[in-house]
Amino acid sequence: DPVLINRNQSEGKETTLVLDSNILIRMERVVKSGNKWRSVREKGLDNLVGLLQKCRPYSVCLSPGFALKEMPPQNAKIAMELYEDFCSVHLPNFIDTPNSTRKVHTGVNNDYGFNDLTYEGKLAFVVPYLNFLCLNYIEYCYQGSPIEKFKAYIDLLEGKIDLLSAAEIEIAKYCFFNTTNLPKGKVKKFCQKIRENSVQIKGKRAKQPIEINKISFNAASDIHLLQVANAMDGKYLDEKKQDCWVVTTDKKLAAF
């Protein structure tokens, strides 16, 4: 809330909001529908904009770059342009920092995924991406009890990657957990949300290997976003201590 953001500023901290791609997509839709306040409310961005409008100047930063990273280049180019249009109308007091960088988004690839990333981009995504590939391999190709599946998953990680990542292992627990006999409730719903984000595509089981790649890349992008926010939190950027938050409309990501 504005109280926290303004208190951070008085203590010499900078509040940074790391935007998820779904926020940029909603901003796009607002601009395309006329960029009016009514559209901001309809797209569910009114609370975010209202919060930012109440904050003192230079007290909070918006960071869309990590969301742009997971988009196909032609989509990222459009998203960035419309993001600027959105801010110019609804957040006119927000300006680029003097040392901000501008990436040129070029190329067209509708099946954008891990293999389309730059070498540096692959280094950032490779651990979560491989983890989710292994998770989906066990989910779709291995028969056994939840415990047997989990053990097979850990063995696969040790054999193929030789690195165990706590976040993805935690996700695997919920994916393999058998919820069949659970009554309807928070635990069952939570497990389903995690599965939707980790081993399903649009709420359904994958049918082709290319869909497994998409599931793994999307899930890795979510984990990467959280890792970025956690890694930056408490660190110094331009001599300002960072207080980082993720802004998303993805309930699955928020649940995790």
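Start with helices H2 and H6: H2 passes H6 in a left-handed crossing, meaning that the near helix is turned anticlockwise from the far one by less than a right angle. This is a predicted model, in which local features need pLDDT of at least 70 and side-chain atom pairs count only at pLDDT 80 or more, while totals for chains, interfaces and linings use all residues. Residues are numbered from 1 along each chain as its sequence is written, and side-chain values use heavy atoms, without hydrogens and water.

Select residues 21–32 for H2 and residues 73–90 for H6; the two pack at an angle of about 65°, with axes 8 Å apart. That makes H2 roughly perpendicular to H6 (the term covers 65 to 115 degrees).

Next, show the side chains in contact (heavy atoms within 4.5 Å). On H2 they include Leu 24, Met 27 and Val 31; on H6 they include Ile 78, Leu 82 and Phe 86.

Now turn to the aromatic pairs, of which the whole structure has 4 (ring centres within 6.5 Å; planes under 30 degrees apart are stacked, over 60 edge-to-face, the rest tilted).

Select Phe 114 and Tyr 129. Their ring centres are 4.4 Å apart and their planes at 10°, so the pair is stacked. Phe 114 lies in the loop between H6 and helix H7 (119–141), and Tyr 129 in H7. Both Phe 114 and Tyr 129 are buried (under 20% relative accessible area; exposed is over 50%, partly exposed in between, with a 1.4 Å probe and protein chains only).

Finally, select Tyr 174 and Phe 190, an edge-to-face pair with centres 4.9 Å apart and planes at 80°. Tyr 174 is in helix H9 (residues 166–176) and Phe 190 in helix H10 (residues 186–198). Tyr 174 is partly exposed at 27% relative accessibility, and Phe 190 is partly exposed at 25%.

Methods: Axes fitted to C-alpha atoms, helices over the stretch in contact; angles between N-to-C directions. Helix = DSSP H or I, 4+ residues; strand = E, 2+ residues; numbered from the N terminus. Parallel < 35°, antiparallel > 145°, perpendicular 65-115°, else oblique. Phe/Tyr/Trp six-rings, centres within 6.5 Å; stacked < 30°, edge-to-face > 60°.
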